[in-house]
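Here's a quick tour for anyone meeting this structure for the first time. Have a look at it before reading on.

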Amino acid sequence: MAEAQPTLDDLRRQIDEIDITLQELIVRRAEVVTQVGALKNSLSGGARAVHMRPAREAIILRKLVERHRGPLSKATLVRMWCELMSASLRLEGSFSVAVCMPSAAEAGYWDLARDYFGSMTHLVPRESARQALGAVFDGEASVAVLPMPQSTDGDHWWRLLLSRDAKAPRIVARLPFGARGSERGAPVEALVVGPIVPEASGLDRSLIAVETAAELSRSALAAAFKAEALEPSFRVFGVGPAETGGYLHLIEVPGFLSPDDNRLTRLARGLGPALQQVWTLGCYAEPLTDAELGIAAKPKGGR
């Protein structure tokens, strides 16, 4: 005898029961998050601190995608978790985001910030990357969302991060991390900068600023990096001259690189006087790929 098919009312009752369970779990999660925030605040001694941990968020999202099954898309699931994690972050303490938004017509960075930090997080527009970063330095915002550096930039905002101070803002994330949402204008990429100690997520890229003597070529600098098993990608080459007469370069390498990494010491020794200064500016967890999110590649010429 064939099993009776559930009616529409039966299925709706199942959804109602699942919703109640989901809500109870979210309430429990929020209660635990509140305890975490209280503990973090007691450990910081009341000092102003940004509780965001981008590497841990990346690990959570990667595991979420790996174990997911069923008809709900991974991209949608990631978006839901970003909203959940941002709501949790706000439970731990004050959190706001300064966003580089030169004009209303250039809202791409705003959209990236909204997609990652959630629709209820306080976003503050600033007319330039320098102003957005200034909001972080002044304590008006917790982190800043800034354009991905390019050699053609008129204002190289990353130069403001050239500091040895362990509490100085650092690059800690790259956006978008998951699938792109509904963006206005041409697609853009951004870096998140804040007073957060960079951590390894297991799949990272680090950013280094290097000041060299004027006569050092790109190929010679690249060869020195490769000799230390650091495969360099030049985000920006040859900004300057700097105050010392040298030139600044923003270089990206695979993996997590801490300021005391021995490879940097050997790099400096190998280049000798040609390398004048080096700074680690932070790192970001590599974003989820379309393949990991189950998003089909668009055909050439497709929209």
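What follows goes from the domains to a helix pair, then to salt bridges and a couple of backbone details.

## Before you start

This is a predicted model, so local features need pLDDT of at least 70 and side-chain atom pairs count only at pLDDT 80 or more, while totals for chains, interfaces and linings use all residues. Residues are numbered from 1 along each chain as its sequence is written, and side-chain values use heavy atoms, with hydrogens and water left out.

## Two domains

The chain splits into domain 1 (52–197) and domain 2 (204–285), with bounds taken from an automatic or database domain assignment. Their C-alpha centres sit 25 Å apart.

Where the two meet, 20 residues of domain 1 are in contact with 19 residues of domain 2 (contact means heavy atoms within 4.5 Å). Domain 1 and domain 2 bury about 1,700 Å² between them, with 62% of it on carbon and sulfur atoms; buried area here is the accessible area (1.4 Å probe) that two parts lose on being put together, summed over both.

## A pair of helices

Helices (H or I, at least four residues) and strands (E, at least two) are DSSP runs, numbered from the N terminus. Helix α3 (residues 74–92) packs against helix α4 (residues 108–117) at an angle of about 80°, their axes 7 Å apart. That makes α3 roughly perpendicular to α4, a label for angles of 65 to 115 degrees. Axes are lines fitted to C-alpha atoms, for helices over the stretch in contact, and angles run from 0 to 180 degrees between N-to-C directions.

On the α3 side, R79, C82, S86 and R90 make the contact, and on the α4 side R114, D115, Y116 and F117 do.

## Salt bridges

A salt bridge is a side-chain nitrogen of Lys or Arg within 4 Å of a carboxyl oxygen of Asp or Glu.

One to look up is E140 with R126, whose closest N and O atoms are 3.1 Å apart. E140 lies in the loop between α5 (129–137) and β3 (143–147) and R126 in strand β2 (residues 122–126), so the pair ties together parts 14 residues apart in sequence.

## Backbone details

A cis peptide bond joins L175 and P176, with omega about 0°. P176 is in the loop between β4 (170–175) and β5 (190–194).

Notes: Angles under 35 degrees count as roughly parallel, over 145 as roughly antiparallel, 65 to 115 as roughly perpendicular and the rest as oblique.
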